[in-house]
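Subject: Model handover

Hi,

Here is the model I promised to pass on. Have a look at it first, and my notes follow below.

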Amino acid sequence: MSDTHDNAVKQKPYIIGIVINLVFVLAEIVFAQIAHSTALFADAFHNLSDVLALVIAWLAVVVFGLRATKQHTYGWHNVSILASIFNALLLLGAVVTIFYEGIRDLFFVTPEHTTGWIVTVVAAIGIVVNFSTAMLFKISGAPDEHGHHHGQDLNAKTAYLHLLADAGVSVGVILAGWLIQITGWQIIDPIVSLIIGVIILVTAWPVMKSTFNLAINGVPDNVDEEEIYQYLNQHAGIQELHDLHIWPLSTTESALTVHLAVENPADAQNILEDVTDQLRSHYHISHVTIQIEGPWHETNCNSI
């Protein structure tokens, strides 16, 4: 299967998700105005932020298909990290807007009469839309025929978590519409919108932390630096190691460089091949550069 075909397959859930959710967001905004519901508006705004996030994440997947150049020797893969940063900023913007609208309606203005049944019906449709779209990303991250997982992309993970959270938020909006219908208490609507904002912030916080870590070239969350150090330090034939560096190339790829001093120069090539294979297959390192050093004065630098 060609890289171009693989890239097209990876784009499919983003494109489907963007189209479905954009249509729903537009409908939700219209019905939020008709029903005079702050909670429904909050839900719509958050869904809109997810659409924008999906667009940015999709563009990041697109650039994975671009070849490396003399000026960009690693290719454009780190654009996926930039996309993840924008996603986090969009989400924060959505939360701020939701809090603003909720606090305003709760303390400073008299809420308009909310049509509870419209809120309930639209939110119910939102559950179906968000959950079905989330499953697209769950399926795209399934293991291949060899049992290996390649779907650890932070952007795909962010989309999956956001869409699942949206489905849960829609349940809260349904409850709000139902309670408003029964009690007639309009104050329930802004209260629910504030709860939605808190839920969004709490569920998104771990992904935001991971995004910030990648942005400053921290060791990716799926890579255990201490475990790698112990593996190299205890490997037969390696006398010592130094200058171990691990950093992200993208939201799915990591790079590692290290200097290894070997006891027997004759074993250098075998050690190099074995260590490189293990770092790739077991420790999630996609690009390995090892400099072999020995008790002799010359050094041998290998990049695989």
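Where in the protein chain is confidence lowest, and where is it highest? The mean is lowest in strand β4 (residues 300-303), at 48, and highest in helix α7 (residues 225-234), at 96. The score here is pLDDT, the predictor's confidence in each residue, from 0 to 100. Two housekeeping points before the rest. This is a predicted model, in which local features need pLDDT of at least 70 and side-chain atom pairs count only at pLDDT 80 or more, while totals for chains, interfaces and linings use all residues. Residues are numbered from 1 along each chain as its sequence is written, and side-chain values use heavy atoms, with hydrogens and water left out.

Back to confidence: the protein chain averages a pLDDT of 81, and 87% of the residues score at least 70. Over residues 296-304 the pLDDT is below 50, and this stretch has 21 contacts in the model beyond near neighbours in sequence (a contact means heavy atoms within 4.5 Å). Residues 141-152 also stay under 50, with eight contacts beyond four places in sequence.

On the overall layout, the protein chain has eight helices and four strands. Both kinds of element are DSSP runs numbered from the N terminus: helices are H or I with at least four residues, strands are E with at least two. From the N terminus on, the order is α-α-α-α-α-α-α-β-β-α-β-β. Of the 304 residues, 44% count as buried (buried is under 20% relative accessible area, exposed over 50%, partly exposed in between, with a 1.4 Å probe and protein chains only). Among contacts with a separation of 6 or more, 72% come from residues 24 or more positions apart.

Now the strands. Strand β2 (residues 254-262) has eight of its nine residues buried. On one side of the story, β2 pairs with strand β1 (residues 238-248) in the antiparallel sense over eight bridges; two strands pair if DSSP finds at least two bridges between them. Leu241 has Leu260 of β2 as its bridge partner, and five residues sit between β1 and β2 in the hairpin they form. β2 also pairs with strand β3 (residues 287-293), this time in the parallel sense over seven bridges, and Val258 is bridged to Ile290 of β3.

Pro265 is found in the loop between β2 and α8 and is partly exposed at 39% relative accessible area. Its C-alpha atom is 8.3 Å from that of Glu293, 28 residues apart along the chain.

For the helices, the axes of α2 (residues 38-63) and α6 (residues 188-215) come within 7 Å and cross at roughly 25°. That makes α2 roughly parallel to α6 (the term covers angles under 35 degrees). The contact involves residues including Leu40 and His46 of α2 and Val192 and Ile200 of α6.

Asn217, in the loop between α6 and α7, has phi near 60°, a positive value in a residue other than glycine. Asp243 lies in strand β1 and has a positive phi of about 55° although it is not a glycine. Asn217 is partly exposed at 48% relative accessibility, and Asp243 is partly exposed at 43%.

Cheers

Technical notes:
Axes are lines fitted to C-alpha atoms, for helices over the stretch in contact, and angles run from 0 to 180 degrees between N-to-C directions. Angles under 35 degrees count as roughly parallel, over 145 as roughly antiparallel, 65 to 115 as roughly perpendicular and the rest as oblique.
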